[in-house]
2 protein chains.
Amino acid sequence: MRITVLGAGYMGSAMATVAARRGHAVRLWGTWLDDALLEPCEGGGAHPRLGLPLTGIALFRAPRLAEALIGAELVVHAVNSDGAVPVMKRAAPHLPDVPVLSVTKGLLESPSTGRMDRIDRVVSEHLGRPVRFVHAAGPAKAKEIARRVLTLMQFAGAPRDAAVLARALSGDGLVVGTTDDIAGAELCSALKNAYATGLGLWDGFIGAEAHNARAACFTQAVTEMRALVLAAGGRAETVHGAAGVGDLHVTAAAGRNRAFGERVGKGRPARDVAAEMLAAGELTEGYAAIASAARFAREHEVRALPLLDALDAIVWHGAAVEATLAHLTLTV
Amino acid sequence: MRITVLGAGYMGSAMATVAARRGHAVRLWGTWLDDALLEPCEGGGAHPRLGLPLTGIALFRAPRLAEALIGAELVVHAVNSDGAVPVMKRAAPHLPDVPVLSVTKGLLESPSTGRMDRIDRVVSEHLGRPVRFVHAAGPAKAKEIARRVLTLMQFAGAPRDAAVLARALSGDGLVVGTTDDIAGAELCSALKNAYATGLGLWDGFIGAEAHNARAACFTQAVTEMRALVLAAGGRAETVHGAAGVGDLHVTAAAGRNRAFGERVGKGRPARDVAAEMLAAGELTEGYAAIASAARFAREHEVRALPLLDALDAIVWHGAAVEATLAHLTLTV
């Protein structure tokens with residue numbers, strides 16, 4: 001099939017690699033921020049983040065968006081949540097009516113309701129027409145997918161579209177399940193970045209010997225994610241599968257959100273840590289994800305979220321780590 | 001209250017410490033294998049495993065079992081699964097009709113059915129009368145409980161007994177929920193040792209960059225634990241809480257079962273690794289737990305457990321790690 005990948009960062013380049021390996025004709029388009037990532041690849045070198053050359057993949061810089069999309073049978077949307085609306089607005093005039101696999105995590109403000117909502121709905125609102133989004137959830141670090149490490153993903157969308165994408169991309173270590181619970185899968189993807197930050201806090205606060213506290217918060221995170229998913233119209237089973245517990249596990253075990261939490265747990269102001277990490281090119285999604293999740297909870301009147309409240313207080317309202325964690329009330 | 005703790009290992013000494021801190025009159029009885037653990041404590045020194053002195057706790061060596069139990073209002077059973085029947089048989093004549101909190105993990109063969117069953121039921125069968133067992137599940141490493149690290153436990157038993165125990169022991173970082181799902185809680189405690197070994201395998205097999213595979217197996221473990229719990233008459237909600245995902249998280253993140261899995265994942269025969277760890281005093285419960293869980297699954301005709309089958313094949317039947325993991329089929 002002809003597959004176009006939008007966004008040439010970690011996940012875009014990884015999904016392009018997977019698609020090429022499956023024998024598809026792959027075009028990878030980089031946004032106006034991706035030139036530095038594409039340049040070495042154009043000369044046959046390794047992708048700076050993925051660490052692998054993009055063999056057999058046609059590369060397109062930002063101005064060639066229309067050309068990259070022409071005749072595409074499947075599209076992969078691998079732009080971060082800030083870029084989702086601007087990129088899809090530019091792409092819209094050239095976007096065929098095909099399934100769009102979105103690996104973008106987060107929540108965005110709906111222009112019609114002013115409330116935080118799922119990315120697929122907000123983008124479709126901005127475009128004035130429905131996009132056939134299929135959300136890719138699950139524990140999938142880009143570098144490992146590209147290296148054929150066993151990876152479980154859950155594609156959530158209209159059943160036929162999700163099935164076509166799953167068939168096109170699975171294999172070689174990538175195992176893909178499908179579900180029609182788009183709300184559950186998108187919420188899980190957005191929320192796990194927030195909660196993984198929470199698990200990192202304990203590492204900074206107590207140190208390595210905080211396994212019980214981390215596991216207590218992991219359990220609490222699953223409970224709170226379920227409450228938020230149900231409020232969004234999603235299903236509990238999605239939280240208990242790859243999109244929920246699986247993705248929370250991988251995000252909490254490693255990565256930038258955990259590292260961010262750890263530094264904040266040591267008592268440093270969250271704003272300073274976020275600024276440092278941003279300057280080092282290590283944008284931490286968890287920082288913004290906590291504010292988005294807290295706002296989503298308020299707007300949907302989901303109460304009894306003590307862990308999210310504690311994270312929001314520490315990270316966004318300057319609450320002291322020690323006092324806040326000491327008074328954390330778990331749901332038992 | 002007067003609380004007697006049977007078994008002076010990691011968890012017995014930790015629970016005795018917790019109970020003493022709550023103001024109870026605590027007696028800690030050591031089995032015939034625990035003399036070396038009690039000796040330094042009798043002189044006011046630190047418990048060799050816990051690393052803390054057992055302040056304000058009356059210590060009883062093995063021959064003084066009757067004396068340790070007289071007038072007890074609550075009992076904590078902290079003997080490992082091999083010792084459960086022999087210890088409870090000796091204790092039975094002196095055991096008051098009070099709630100018995102069991103922190104013992106595992107499955108035992110029922111003398112009446114010859115099948116693997118829950119410890120509370122097998123012990124009651126051996127004793128010829130019901131014991132008021134309340135099973136303590138959840139992510140609770142003994143050293144961290146004793147050090148007041150936030151810990152979430154789930155006490156499963158008859159509602160009044162579970163509530164009395166929860167009130168008696170919670171506080172100071174220990175948060176206790178209660179449930180009447182004894183089957184679910186006991187199965188989770190037994191199974192997580194088996195599945196944590198499975199997560200360790202990936203560390204040995206692929207190395208550190210196996211986050212996706214570990215998270216895929218974490219997800220698969222939750223799915224398979226749920227199937228086994230339902231077959232035992234337990235409830236899914238128990239698997240999705242502290243007893244299940246919580247305890248699996250802590251067990252997989254650290255500890256002897258994970259270490260065992262890691263060494264086997266590097267290709268060493270499981271029998272050799274188990275023997276080495278036993279010789280070093282690091283008994284790995286996961287080794288036996290895999291065989292017990294596989295037998296439980298067969299006897300209860302639970303099928304579609306690809307991860308447990310793979311673990312059993314590698315650890316007990318000499319299957320090659322690489323080929324077995326490469327053919328692992330996840331439930332999606």
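Modeller: The side chains of Glu262(B) and Arg258(B) form a salt bridge, with N and O 2.9 Å apart. A salt bridge here is a side-chain nitrogen of Lys or Arg within 4 Å of a carboxyl oxygen of Asp or Glu. Side chains of opposite charge can pair when their charged atoms come close.

The model is predicted: local features need pLDDT of at least 70, side-chain atom pairs count only at pLDDT 80 or more, and totals for chains, interfaces and linings use all residues. Residues are numbered from 1 along each chain as its sequence is written, chains are lettered from A and ligands numbered from 1 in the order in which they are written, and side-chain values use heavy atoms, with hydrogens and water left out.

Both partners sit in helix 12 (residues 256-265) of chain B, 4 residues apart, about one turn of the helix. Helices (H or I, at least four residues) and strands (E, at least two) are DSSP runs, numbered from the N terminus. An α-helix has 3.6 residues a turn, so residues three or four places apart point the same way. Glu262(B) is partly exposed because its relative accessible area is 22%, while Arg258(B) is buried because its value is 17%. The cut-offs are under 20% relative accessible area for buried, over 50% for exposed, and partly exposed in between (1.4 Å probe, protein chains only).

In chain A, Arg258(A) and Glu262(A) belong to a network of salt bridges that also links Asp203(A), Arg214(A) and Lys266(A). Over all chains, the search finds 42 salt bridges.

Glu39(A) and Arg61(A) meet in one, at 4.0 Å from N to O. Glu39(A) counts as exposed because its relative accessibility is 51%; Arg61(A), at 25%, counts as partly exposed.

Another pair is Arg132(A) and Asp97(A), whose closest N and O atoms are 3.4 Å apart. Arg132(A) is in the loop between helix 5 (119-127) and strand 8 (133-137) of chain A, and Asp97(A) is in the loop between helix 4 (81-91) and strand 5 (100-102), 35 residues apart. Arg132(A) is partly exposed at 30%, and Asp97(A) is exposed at 63%.

Helix 2 of chain B (residues 35-42) shows how a helix can have a buried side. Its buried residues are Leu37(B), Leu38(B) and Cys41(B). The buried residues pack against strand 2 (25-29) and strand 3 (57-60) of chain B. Just after this helix, Gly44(B) takes a positive phi of about 90 degrees.

Ala68(A) is in helix 3 (residues 65-69) and is buried at 0% relative accessibility. Beyond four places in sequence, Ala68(A) is in contact (heavy atoms within 4.5 Å) with Thr4(A), Arg27(A), Trp29(A) and Phe60(A). Tyr287(A) is in helix 14 (residues 285-299) and is buried at 16%. With residues up to four places away left out, Tyr287(A) touches Phe260(A), Ala270(A), Arg271(A), Ala274(A), Val315(A) and Trp316(A).

Last, the two chains meet. In this interface, 38 residues of chain A are in contact with 38 residues of chain B. The chains bury about 3,100 Å² between them, 70% of it on carbon and sulfur atoms. Buried area is the accessible area (1.4 Å probe) that two parts lose on being put together, summed over both. Leu150(A), Asn212(A) and His249(A) supply 22% of the area that chain A buries against chain B, more than any other three residues. Between the chains the count of salt bridges is 0.
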